[in-house]
Amino acid sequence: MSTIFSQIVDGEIPARVVYEDEATFAFLDANPLAPGHTLVIPKEEYERLNDVPEDVASALYATIHALVPAVEDAVDADASTVAFNNGEAAGQEVPHVHCHIVPRFEGDGGGPIHAIAGETPDLSDGELDEIASDIETRV
Ligand code: AMP
């Protein structure tokens, strides 16, 4: 069963398409958080960023890089929040990697990306050092 986003890529479900190339696709979010709210996806289905191969990741970033200024200019935005909900626990509802480009406006009442945190942890220097070196050894 293909994802709703694959069905959009295949033209089975209508969408307001703003960009397409060999590997990536972008369209307006059906429930926009702001005018111009755009989703950028790899055409192939990968559930999480963790699953995306390097060549597709590069293509995806190139499309995001081109679209951010285009989206901001189109709606005369002051800025944008660019983010992935990467996995169900992070709020991802559609299991097909997608980048949200959400135009932002001075005084729009929205928060920074830091607003996603629930309770923030109180980590010691030792714990921070351990986490940093653990990540470093896994890249
Ligand atoms: P996420 O919570 O990160 O998985 O975001 C999924 C996004 O997909 C939401 O912002 C939805 O509004 C959007 N969405 C779901 N179905 C469609 C659709 N058919 N066309 C465009 N956007 C959609």
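Helices (H or I, at least four residues) and strands (E, at least two) are DSSP runs, numbered from the N terminus. The model is predicted: local features need pLDDT of at least 70, side-chain atom pairs count only at pLDDT 80 or more, and totals for chains, interfaces and linings use all residues. Residues are numbered from 1 along each chain as its sequence is written, and side-chain values use heavy atoms, with hydrogens and water left out.

**Exercise 1. Describe the secondary structure of the protein and the span of its C-alpha trace**.

Step 1. The protein has three helices and five strands.
Step 2. Read from the N terminus, the order of these elements is α-β-β-β-α-β-β-α.
Step 3. Along the principal axes, the C-alpha trace spans about 50 × 40 × 25 Å.

**Exercise 2. State where the ligand sits and characterise the shell around the ligand**.

Step 1. The ligand sits in the largest pocket. A pocket is an open set of points on a 1 Å grid over the protein atoms alone, where a 1.4 Å probe fits, with protein on both sides within 12 Å along at least five of seven lines; a molecule sits in it if more than half of its atoms lie within 2 Å of its grid points.
Step 2. Helix 1 (4–9) and strand 2 (24–28) are the elements that give two or more residues to the shell around the ligand. The largest share, three residues, comes from helix 1.
Step 3. Of the 16 residues around the ligand (a heavy atom within 4 Å), D29, N85, E93, H98 and H100 come nearest.
Step 4. By class, the shell holds eight nonpolar, six polar and two charged residues.

**Exercise 3. Find the salt bridge of K43 and locate both partners**.

Step 1. Side chains of opposite charge can pair when their charged atoms come close.
Step 2. A salt bridge is a side-chain nitrogen of Lys or Arg within 4 Å of a carboxyl oxygen of Asp or Glu; the whole structure has three.
Step 3. K43 forms one with E20, at 2.8 Å from N to O.
Step 4. K43 is in the loop between strand 3 (38–42) and helix 2 (54–74), whereas E20 is in strand 1 (residues 17–20), 23 residues apart.

Technical notes. On a 1 Å grid over the protein atoms alone, a cavity is a set of points where a 1.4 Å probe fits but cannot get out, and a pocket is an open set with protein on both sides within 12 Å along at least five of seven lines; lining residues have an atom within 4 Å of a point. Ala, Val, Leu, Ile, Met, Phe, Trp, Tyr, Cys and Pro count as nonpolar, Asp, Glu, Lys and Arg as charged, and the others, Gly among them, as polar.
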